[in-house]
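Student: I would like to learn how to read a structure, one feature at a time. Where do we begin?

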Amino acid sequence: MGPDYHPPTAAVAEQWIDISNEHVLPLPPDDPYWWSVFQDPALDNLVQTALAQNLTLRQAGSRIMQAQASRAITAGNLFPQVQQSFGDALRIQESQSVALPPPIRAFGEWDVGFNASWEIDVWGRFRRALETADARLEASIYDYDAVLVSLLAEVVAAYVDIRTFEQRIEYARQNVEVQESSLQLSTTRFDEGKTSKVGVYLAEANLNGTAATIPALETGLRQASNRLCTLMGIPPTDLSMWLGKGDGIPEVPADIAVGIPADLLRRRPDVRRAERQVAAQSAQIGVAMSDFFPSISLNGEVFQSSEDFSDLFNSASAAGSIGPSFRWNILNYGRITNNVLLQDARLLELIASYQNTVLVANQEVEDALIAFLKSKREVVSLRKGVDDLNESLKLLLIQFEEGSIDFSPIFVLQGSLRSAQDQMAAAEGQVLLNMVAIYRALGGGWQIRYPGFETQVLLVDDEPTDTATDPFLAPDNVERDDAQLEEFLMPAPGVAPKEDSEDGQ
C-alpha cells in the first residue's frame, strides 16, 4: 500500500555567480583532506585528534547504532511476531454453590507448551515499515557525516583564530617596543629643553593605548584555545606546547575549486539526510493505509496439559491448535483516513524542508565565496596601507630626531599604524575563515570515514599517543569495539565500549 518512493526535486543554480573570477575553478573539490592546503603538521595532528576523540561525533555514532537496532527490530516483524513458550501450575478450588459432583470440587492443572502468531504481511505494512527504518538508518549515517564536516571546519577555524590572535598580539608588542623608544626619545628631548612636555604626554598616551589592547587579544587567544580543547575532547589546557611557535597566519591558496551547484545534492550530508527523511516518511503513508484492510494472522499452539504432574509428559496429555484469524477495524475509517492525511502532510513538510535545505546550501556557498574573494582584495589594500604608514613613520621619526617637527604627527601616525596592522591581521585571518566556510558549505571532508583513513596522534592525559599500536584508544583509556559500525564509521568515533571497565564506567 501507499506510494512508491521517488526522490523529490529541488531548484539549484546552473553556475556560481562568481564562476568567471580567475580564482574560482569549476573543478570538483574532490580532496577530502582540504585542510592540508595549509601544509601545517600541527593542524593535521589537531584535526586527527578531534576526529578520534570529539564527543559530539561519538554521539552521532551512537545514533547510528540506535538506528541499526531499530531497523533490526522492524525487520523482525516480517517473521512470526509472537513466539512464546509457556508453563503454569494451578490448584483450583470450585465453589460449593456450583452444581457439580462433590468429587471434583478441587483439582490441579499443569500446562507447558509453545505458541506462535504470524500476522502475514498481505498489504505490505511491515515491508513499508522496513523501508522507513532503512531510510532512517541512512539518514543517521548522513547526520554523522554532517557532524563530521562541521567538526573539521570548527577545528580549522579555531586553529586559524589562534594563529590570528598570535599575530595581532605580535603586532601590538612590536608597536609597544617602538612607542617605548619614542617615549624615551621624547623624554630626552624634553629634558634637553628641545621640545615641550606635550610630546611626552602624547608618547605616553600612545604607549598606554597600545598596551591596553593586548589583554583583550590574549583573552581571545585563550578562548580560541579552550574551544579547540573541547573540540578535541579534552579539558581546557595550555596548547602552546602542542602548537609550538607559529609562522604567523597561514598563507591562503590563490585558487579554490568549487565544482557546480548541482554537486551539493551529493556532497552535502545534510542535503542527503533531508532526502532520506523524505523517503522514510513516504513509506509511512503505506503503513497508515494498510489499516484500511484486515490484518490476517496464522495462529498455532502445542502444549501438554494434565491434572497430575506425573502425567504431564504422557502422549495422552498432548494438545494443540492451529488456524487463521483476522481483525478488521471496520468502524474507525475516520481515524484511519485522518492518519493517512497526517502522514501525507508530514511528507509535504519534509519535501519542502529538503528543498529549503538545498537552497540554504546554495546560499551558504555563495555567501562564503563572495566573502572569500572580497576579503582577499581587502587584505591587499590593507597591506599596502600598512607599508605606506611604516615608511611615513620612519621619515617622521628622522625629522623628529633632527628637531624639525614636534611629536604630534608621530602620535597620530603611530596610532594609525597600530590600528592598521591589527585590522590587517584580522582581515588575513578572516580570509582563511571564509575559505573554511567554503569547504564547509561544499560539504567537504566526510569522505575520510571510508576505510583507509587512520588517526596518528592523540592527546590523552596531556600526553601524545601513537595510535599505530592502539588505533582505538579513547580519552578514558577504554578499548572500544567498532564491529557494528565498521561499514559506516571511522575507527574511533562513536563506538561503544566492548565491556565495562573495572570502575563501572
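Student: Which residues does aspartate 161 touch, not counting residues up to four places away in sequence?

Tutor: First, the ground rules. This is a predicted model: local features need pLDDT of at least 70, side-chain atom pairs count only at pLDDT 80 or more, and totals for chains, interfaces and linings use all residues. Residues are numbered from 1 along each chain as its sequence is written, and side-chain values use heavy atoms, with hydrogens and water left out. Next, the term: contact means heavy atoms within 4.5 Å. Here, aspartate 161 touches Ala224, Arg227 and Leu433, with residues up to four places away in sequence not counted.

Student: Where does aspartate 161 lie, and is aspartate 161 buried or exposed?

Tutor: Element names come from DSSP runs: helices are H or I with at least four residues, strands are E with at least two, and both are numbered from the N terminus. Aspartate 161 lies in helix H3. Aspartate 161 counts as buried because its relative accessibility is 18%.

Student: How many helices and strands does the protein have, and what share of its residues counts as buried?

Tutor: The protein has 9 helices and 10 strands. Of its 505 residues, 42% count as buried. Take contacts between residues at least 6 apart in sequence: 81% of them join residues at least 24 apart.

Student: How do H3 and H7 pack?

Tutor: Read the angle between axes. Axes are lines fitted to C-alpha atoms, for helices over the stretch in contact, and angles run from 0 to 180 degrees between N-to-C directions. Helix H3 (residues 125-191) packs on helix H7 (residues 269-289) at about 165°, with the axes 8 Å apart. H3 is therefore roughly antiparallel to H7. The classes are these: under 35 degrees is roughly parallel, over 145 roughly antiparallel, 65 to 115 roughly perpendicular, and the rest oblique.

Student: What is the hand of the crossing of H3 and H7, and which classes of residue make the contact?

Tutor: A crossing is left-handed if the near helix is turned anticlockwise from the far one by less than a right angle, and right-handed if clockwise. H3 passes H7 in a left-handed crossing. The contact of H3 with H7 has 11 nonpolar, 4 polar and 11 charged residues. Ala, Val, Leu, Ile, Met, Phe, Trp, Tyr, Cys and Pro count as nonpolar, Asp, Glu, Lys and Arg as charged, and the others, Gly among them, as polar.

Student: How do H4 and H9 pack?

Tutor: Helix H4 (residues 197-231) and helix H9 (residues 408-441) have an angle of about 15°, with their axes 9 Å apart. H4 is therefore roughly parallel to H9. Their crossing is right-handed. Among the residues that meet are Leu202, Gly209 and Leu217 in H4, and Phe411, Gln414 and Asp422 in H9. By class, this contact of H4 with H9 has 5 nonpolar, 6 polar and 2 charged residues.

Student: Now the sheet. What is the order of its 4 strands?

Tutor: Strands of a sheet pair through backbone hydrogen bonds, either parallel or antiparallel. Two strands count as paired if DSSP finds at least two bridges between them. Here an open sheet has the order E2-E3-E5-E6, with antiparallel pairing. E2 and strand E6 (318-327) stand at the edges with a single partner strand each, so one side of each has no neighbour in the sheet. The twist averages 20° from one strand to the next.

Student: How many bridges join E2 to E3, and how many join E3 to E5?

Tutor: E2 (residues 82-93) and E3 (residues 106-120) are antiparallel and joined by 12 bridges. Glutamine 84 stands opposite asparagine 115 in E3. Serine 85 has phenylalanine 114 in E3 as its bridge partner. E3 and E5 (residues 295-306), also antiparallel, are joined by 11 bridges. Tryptophan 118 has leucine 298 in E5 as its bridge partner.

Student: Last, what does glutamine 355 touch, not counting residues up to four places away in sequence?

Tutor: Glutamine 355 touches Thr9 and Ala10 on that count. Glutamine 355 lies in helix H8 (residues 333-402). At 31% relative accessibility, glutamine 355 counts as partly exposed. Its C-alpha atom is separated by 7.2 Å from that of alanine 11, 344 residues apart along the chain.

How values were computed:
Buried < 20%, exposed > 50% of the residue type's maximum accessible area, 1.4 Å probe, protein only.
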